[in-house]
Amino acid sequence: MKDPEYRRSQLGSVHEKHIAPVTDFISRLIAERPELAGVPFVAPHYRPETARILSLSSNPGPRAGGEKGSGLLSVQNDDASAERMLKVYTAAGIGDEDVVPWNAFPWFVHGELPNGLTSEYIEQGVHVLSRLLDLCPNVVSIVAHGGDAHRCAQLLRSSRIVGPLVRRRGIHTWDARHTSNRAFILSPQQRRDAEEDMVETYRQAMAHAGLVPREP
């Protein structure tokens, strides 16, 4: 997304057939909460209708949402978290057709909540996530990155309203480390170990989803 031409190409493709249902859904979310700064679109290099894994983070970062963001959720965003996620996907053999990104609270509130999401936002986000899952009919694995996403995944499993959907679909969740730089303030060896742990988590999610690693 650092390349303006690539970013324009992606933004110009958010209404293509394969991504349009999710784009329309996000447009409705933006309209539902006009007091908030908006929701980044899912980049059209993903294919939600074929994805079998959902990668869940806390809330959109400044390189996705906000005035200086790309306006898109993507591993191609110009930040270390996205770069780290792309590295993990590549090592695990995950392609854009296999995964879709999302957030425990999809609206851009990054500057307001430096210490994490409120319980109210987590509860609201779970119900939004359940609506998104209807548009990603093949997702059966959710990898939750960081504490907020862990709380969201736990509530998703236990909620009387949403829980039956999870059980009916056979959706399984995994907790993983946050992908931010702050979560990787480690020694070089510890950092390598943490990245490999994340790769292994995705390999387990792939196995549950019946995915075979793709060639690099």
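Predicted model: local features only at pLDDT ≥ 70, side-chain atom pairs only at ≥ 80, totals over all residues.
Local features require pLDDT of at least 70 and side-chain atom pairs pLDDT 80 or more, whereas totals for chains, interfaces and linings use all residues. Residues are numbered from 1 along each chain as its sequence is written, and side-chain values use heavy atoms, without hydrogens and water.

Side chains of opposite charge can pair when their charged atoms come close. A salt bridge was assigned where a side-chain nitrogen of Lys or Arg lies within 4 Å of a carboxyl oxygen of Asp or Glu. The count by this rule is 9 salt bridges. Accessibility was classed by relative accessible area: buried is under 20%, exposed is over 50%, and partly exposed is in between (1.4 Å probe, protein chains only).

Arg 47 and Glu 49 pair through their side chains, with an N to O distance of 3.3 Å. Arg 47 is partly exposed at 32% relative accessibility. Glu 49 is also partly exposed, at 31%.

Arg 214 bridges to Asp 98, and their closest N and O atoms are 2.7 Å apart. Helices (H or I, at least four residues) and strands (E, at least two) are DSSP runs, numbered from the N terminus. The two partners fall into separate accessibility classes: Arg 214 is partly exposed at 40%, while Asp 98 is buried at 3%.

Glu 196 forms a salt bridge with Arg 203, with closest N and O atoms 3.0 Å apart. Glu 196 has a relative accessible area of 39% and is partly exposed. Arg 203 is partly exposed at 36%.

Contacts were taken as heavy atoms within 4.5 Å. Leaving out residues up to four places away in sequence, Asp 98 touches Ala 51, Arg 52, Ile 53, Gly 93, Leu 211 and Arg 214.

Gly 12 sits in another loop, between α1 (4-11) and α2 (20-32). Gly 12 is exposed, with a relative accessible area of 65%. Pro 44 is 32 residues away from Gly 12 along the chain, and their C-alpha atoms are separated by 9.1 Å.
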